[in-house]
Amino acid sequence: MAGAIASRMSFSSLKRKQPKTFTVRIATMDAEMEFSCEVTGRDRAPGAGGSAEVKWKGKDLFDLVCRTLGLRETWFFGLQYTIKDTVAWLKMDKKVLDHDVPTEEPVTFHFLAKFYPENAEEELVQEITQHLFFLQVKKQILDEKIYCPPEASVLLASYAVQAKYGDYDPNVHKRGFLAQEELLPKRVINLYQMTPEMWEERITAWYAEHRGRARDEAEMEYLKIAQDLEMYGVNYFAIRNKKGTELLLGVDALGLHIYDPDNRLTPKISFPWNEIRNISYSDKEFTIKPLDKKIDVFKFNSSKLRVNKLMERQRLAREKQMREEAERKRDELERRLMQLKEEATMANEALMRSEETADLLAEKAQITEEEAKLLAQKAAEAEQEMQRIKATAIRTEEEKRLMEQKVLEAEMLALKMAEESERRAKEADQLKQDLQEARESERRAKQKLLEITSKSSYTQSMNSSTTALPTDLPSFNLISESLSFDFKDTDMKRLSMEIEKEKVEYMEKSKHLQEQLNELKTEIEALKLKERETALDILHNENASRGNSKHNTIKKLTLQSTKSRVAFFEEL
């Protein structure tokens, strides 16, 4: 009996020691992971007699997912969940189970990008970050959450095929190899009287041109095209202004944009982030404070409190992202500056060594030339002595034999002197050649130093033109301590020519791409079913006919003063 009671007590004690856990499923764009997370537990603190309570917060789970993926550019991403048909994001400082998440296990979160970079090529560093963005943007285009015109859809599909299959090989990638792939939005497929084989033929024609591009390069090209689409990276929210007019608020990396509910492509007004000082909300009312304190605040209403909270978090998170991006750029600029300093020091040392070597070689060449002249003079004297000996009359055979021996010795000496003189002359020529090479090395060292100087100037100009950040950001000063050089007009002209050349090449590439898109658009236009055009198709075609694009539209909208744009918003 006592043994049974002891056994039950032991089992009960063991049961109490085990922490309670809950299962979490994390769905990324191409994989799923499951984690067992502790709710509460009793962990003994190292070196202490007591115990500490363990509770998982959003940050604990988010950091675990990022470590598992090997992701360092964490500021773009978050954990998303759905509750009551509303999308929400996990708060970092709040316990996971204190969120309004479903109670049944496993609790599912989607690891997705919350914020989109303005320029993917410049802002995305890690390959895993690029890959996750590529998959998410590709899905949004296929799900028609981002509008993409038909010709651009075909081009993007060709880069997606390059990323998955590698270089095109007609012996491997035969007709029908894309039959099971989802590459085009259904809206595009339904808009034309074209068979799957016809679409595959056009995608493959562009796919064959991408030979040599690695997966990450193809995915980056995809993102560079997608980021110019009007709906890329925009989160839309239903709002009303003071007059009660129904509008849409679009939030993206560029700022806040006001849209007509029937037109999500072209904003009516835009407010860049650098014009906004603060966003606050009370109940269902949002208040936007412009950076210019002389301008009155403007307000709008949202019927959903959850949307309000989401937008406020998005604004704060965007500021945090900009701060982290600024810190990353600062670290990169400091690292580059140190590298330039090291290169400049090495170039200076190489220049000094070249100058010293040139001086030594010049001195040695002069000495060798003098020795060669002295030997030539001795050889001439020996020749004269030989002639004098020959001219002397020798009467006795003994004297004659001795004289012949002396003559022979004199000839041998003269020959040796001549050979030595010739050798010294060759050595002098070689030294002259070495001197020329040393001077050439000195010239290259100076050229290298000049190039480093140009790079330093370019780096400093980049630092001075960094995009303006919110006023609460820390300021960073990069000081070049001893890196000062004189620039010549020719060097600046050369640098300007190189920059202009790169600009021309980019423009030519863009022009070629646009010509290809226009050619495909013209080719398939005859097969279009006009009656199946959506409202977005019509709006996009109108924008294209006027020459409007995403960036020049926003640029035109921000030409007016902030005050006039606020007044326009109030009157909508």
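Select Gln-560, which sits in the loop between helix 13 (550-557) and helix 14 (562-571). Helices here are DSSP runs of H or I with at least four residues, strands are runs of E with at least two, and both are numbered from the N terminus. The model is predicted, with local features needing pLDDT of at least 70 and side-chain atom pairs counting only at pLDDT 80 or more, while totals for chains, interfaces and linings use all residues. Residues are numbered from 1 along each chain as its sequence is written, and side-chain values use heavy atoms, with hydrogens and water left out.

Gln-560 is partly exposed, with a relative accessible area of 48%. For these labels, buried means under 20% relative accessible area, exposed means over 50%, and partly exposed lies in between (1.4 Å probe, protein chains only).

**The whole chain**

Zoom out. The chain has 14 helices and 14 strands. Of its 572 residues, 39% count as buried. A contact means heavy atoms within 4.5 Å. Among contacts between residues at least 6 apart in sequence, 67% join residues at least 24 apart.

**Helix 12**

Select residues 535-546, which form helix 12. The helix has twelve residues, and the distance from its first C-alpha to its last is 17 Å, close to the expected 16 Å. The expected span is 1.5 Å times one less than the number of residues.

Which residues of helix 12 are buried? They are Asp-537, Leu-539, His-540 and Asn-543. These residues lie on the same side of helix 12 because they cover an arc of only 165 degrees around the axis. That arc is taken from the directions running from the helix axis to the C-beta atoms. Show residues 186-191 as well: this is helix 6, against which the buried residues of helix 12 pack. Then turn to the face pointing away from the buried side, where the exposed residues Ala-535, Ser-545 and Arg-546 are found. Just after the helix comes Gly-547, with a positive phi of about 80 degrees.

**Helix 2 and Leu-69**

Next, select residues 58-69 for helix 2. This helix also has twelve residues and reaches 17 Å between its first and last C-alpha, close to the 16 Å expected. Its buried residues include Leu-61, Phe-62 and Val-65. Gly-70 follows helix 2 and has a positive phi, near 75 degrees.

Stay on Leu-69, which is part of helix 2. Leu-69 is partly exposed, at 23% relative accessible area. Leaving out residues up to four places away in sequence, Leu-69 touches Thr-28, Met-33, Phe-111 and Ile-128. Leu-69 and Thr-28 are 41 residues apart along the chain, and their C-alpha atoms are separated by 9.7 Å.

**Into helix 5**

Select Glu-144, in the loop between helix 4 (127-142) and helix 5. Its phi is near 65 degrees, a positive value in a residue other than glycine. Glu-144 is partly exposed, with a relative accessible area of 35%.

Move on to helix 5, residues 150-165. Of its 16 residues, 14 are buried, so the helix is mostly covered. Its end C-alpha atoms are 22 Å apart, which agrees with the 22 Å that 16 residues should span. Gly-166 comes after helix 5, with a positive phi near 80 degrees.

**Helix 5 against helix 7**

Two packed helices are described by the angle between their axes and the distance between the axes. The axes are lines fitted to C-alpha atoms, for helices over the stretch in contact, and angles run from 0 to 180 degrees between N-to-C directions. The crossing is right-handed, meaning that the near helix is turned clockwise from the far one by less than a right angle.

To see the meeting surfaces, show side chains in helix 5, among them Val-154, Leu-155 and Val-161, and in helix 7, including Trp-199, Ile-203 and Trp-206. The residues of this contact divide into nine nonpolar, two polar and two charged. Ala, Val, Leu, Ile, Met, Phe, Trp, Tyr, Cys and Pro count as nonpolar, Asp, Glu, Lys and Arg as charged, and the others, Gly among them, as polar.

**Last stop: Glu-219**

Select Glu-219 in helix 8 (residues 215-226). Is Glu-219 buried or exposed? Glu-219 is buried, with a relative accessible area of 2%. Leaving aside neighbours within four places in sequence, Glu-219 is in contact with Gln-130, His-131, Phe-134 and Ala-163.
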